[in-house]
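Q: Hi! Could you walk me through the cavities and salt bridges in this one?

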Amino acid sequence: GSVIRVNSTMERSVATARRRPTPRVAGRGSRARGPPRTSKTYHAGGWRRAAASLRGGLASTLRAVSQEKGGSMTESEVSHQVDVDLGDRSYPIYIGENLLDRGDLLRKHIPGKQVLIVTNETIAPIYLERVTRVIREADPALQVESVVLPDGEQHKNTEVLMKVWDRAMELRFNRKATFVALGGGVIGDMTGFAASAFQRGVHFIQVPTTVMAMVDSSVGGKTGVNHPLGKNMIGAFYQPNCVLIDTLALRSLPNRETASGVSEIIKYGLIWDADLFKWLEENIDSLVDSGKPEFGEAIASAVERSCLIKAAVVAQDEREGGIRAFLNLGHTFGHAVETFSGYGTYLHGEAVGVGLAMAADLSARLGWITEDIRDRAIALVQRCDLPTRPPKDMTPDDFIQLMAVDKKNVDGSLRLVLLRGELGTCVVTSEFENAKLMDTLNEYCEALG
């Protein structure tokens, strides 16, 4: 497969071994090809200039992969590998089909002899025995154990997290142990945080099984749990040893979960990659229905593209001191919706869908984007059958109170990620008219307090 390395200076080298054609969606044309962009500023407009000299090389590589004929992928082959360059904490993202059978890949990233697979009650009956078996077959000397947590955002708390530490303590795991996160974003966040704190840090591996986890939460090292007063307020930056993405796992997802994850892909198009956004407009129906014959090819393309963008951002700004904050478009509004409604009422991507609509509306009210971009953004969210309005009983004051504890805020000032300029650009700013924010809140909140 092709190996794309993304490092802190945005240099990319593409080493090509056996190439598999990049998926095409039947009747829809090829995937979007524009490369990721970067900037050290808080304004996305500079990304194009910073990446201009790199566009041709990456774009031509993607074209070459997508246009190559024949040579179908063999069983359990890695079709793409994206390397996140963070110096001595760099790690690969493996993307392909049937990778859950690749115990040898996982074994490469298990330094010790003890493995704890952390999963939930939904995923365990489907994949736990399979993953346990392939790891043991890769090295019979490994001690492979598991712990199964309840499923859902409402269980993403310190009380449930303690079950992971309890299990590791009962098994007398040492500092060379490896925790494997097998599940969606909640499992990945909790397992990473558990690994960061157990004996002051053990190894961990991400094996995401949802669109949301594959395109966003499994990459980048953000780990943690929720607090009753705010989402993801307790956690750490802690990078995995590797991320293993088996896109065939998405076939078993309910369409609601799939659509939730696609909201994050829409976000990448809005803040970073106009070509991706246009590709989504053409192919969104194939992405949100796993029953469609072209679903597998479409979602594989979107996952690869999203991982490239996320890897580029993380390599440039690991701890969210600058451009990584762009990835929070819609999340300030969305986290407020999740906290207000009770964790688990809305899927994370559903709340992000609301947030994307509200952020686009505010950006347009400020005159920072055209009404056309606003309408296209909201329409794309709606085509995923995602909500675009908050709960009916949520008031503007509820938003203001909950957004006041957002992690992006500085010195008491509310900072938002908003769209500005042409499609694919944004800013992180506290310099907006509060009256316009209130106009958006009043427009979107049916309950006015």
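Predicted model: local features only at pLDDT ≥ 70, side-chain atom pairs only at ≥ 80, totals over all residues.

Q: Great. How many cavities of 30 Å³ or more does a search of the whole structure find?
A: The search turns up three of them. The largest cavity holds about 110 Å³ of space.

Q: Which residues lie nearest the centre of the largest cavity?
A: Those are His335, Ala336, Leu402, Val405 and Asp406, out of 13 residues that line the largest cavity. Two or more lining residues come from each of these elements: strand S10 (230-237), helix H10 (331-341) and helix H13 (396-403).

Q: And which element gives the most to that lining?
A: That would be H10, with four residues.

Q: How does the lining divide into nonpolar, polar and charged residues?
A: There are six nonpolar residues, four polar ones and three charged ones around the largest cavity.

Q: OK, switching to salt bridges. How many are there in the whole structure?
A: The search finds 25 salt bridges. As background, side chains of opposite charge can pair when their charged atoms come close.

Q: What does Glu153 meet in a salt bridge?
A: The side chain of Glu153 meets that of Lys231, at 2.5 Å from N to O. This pair links distant parts of the chain, 78 residues apart: Glu153 is in the loop between strand S6 (143-149) and helix H4 (158-170), while Lys231 is in strand S10.

Q: Is that pair buried or exposed?
A: Glu153 is buried, and Lys231 is buried too.

Q: What about Lys222, which side chain does that one meet?
A: Lys222 forms a salt bridge with Glu320, at 2.3 Å from N to O.

Q: Why does Lys222 count as partly exposed?
A: Because its relative accessibility is 33%, and partly exposed covers the range between under 20% for buried and over 50% for exposed.

Q: Where are Arg389 and Glu443 in the chain?
A: Arg389 is in the loop between helix H12 (371-383) and H13, and Glu443 is in helix H14 (residues 434-444), 54 residues apart. Their side chains meet in a salt bridge at 3.5 Å, N to O. Arg389 counts as partly exposed at 36% relative accessibility, and Glu443 counts as partly exposed at 42%.

Q: Last one: which residues are linked in a network of salt bridges?
A: Asp216, Glu264, Lys267 and Lys310 are linked that way.

Terms used
Residues numbered from 1 in each chain as written. Heavy atoms only, no water. 1 Å grid on protein atoms, 1.4 Å probe; cavity = no way out; pocket = protein on both sides within 12 Å on 5 of 7 lines; lining within 4 Å. Points joined across faces, edges and corners; volume = space filled by probe spheres on them. Nonpolar A, V, L, I, M, F, W, Y, C, P; charged D, E, K, R; others polar. Salt bridge = Lys/Arg side-chain N within 4 Å of Asp/Glu carboxyl O. Buried < 20%, exposed > 50% of the residue type's maximum accessible area, 1.4 Å probe, protein only.
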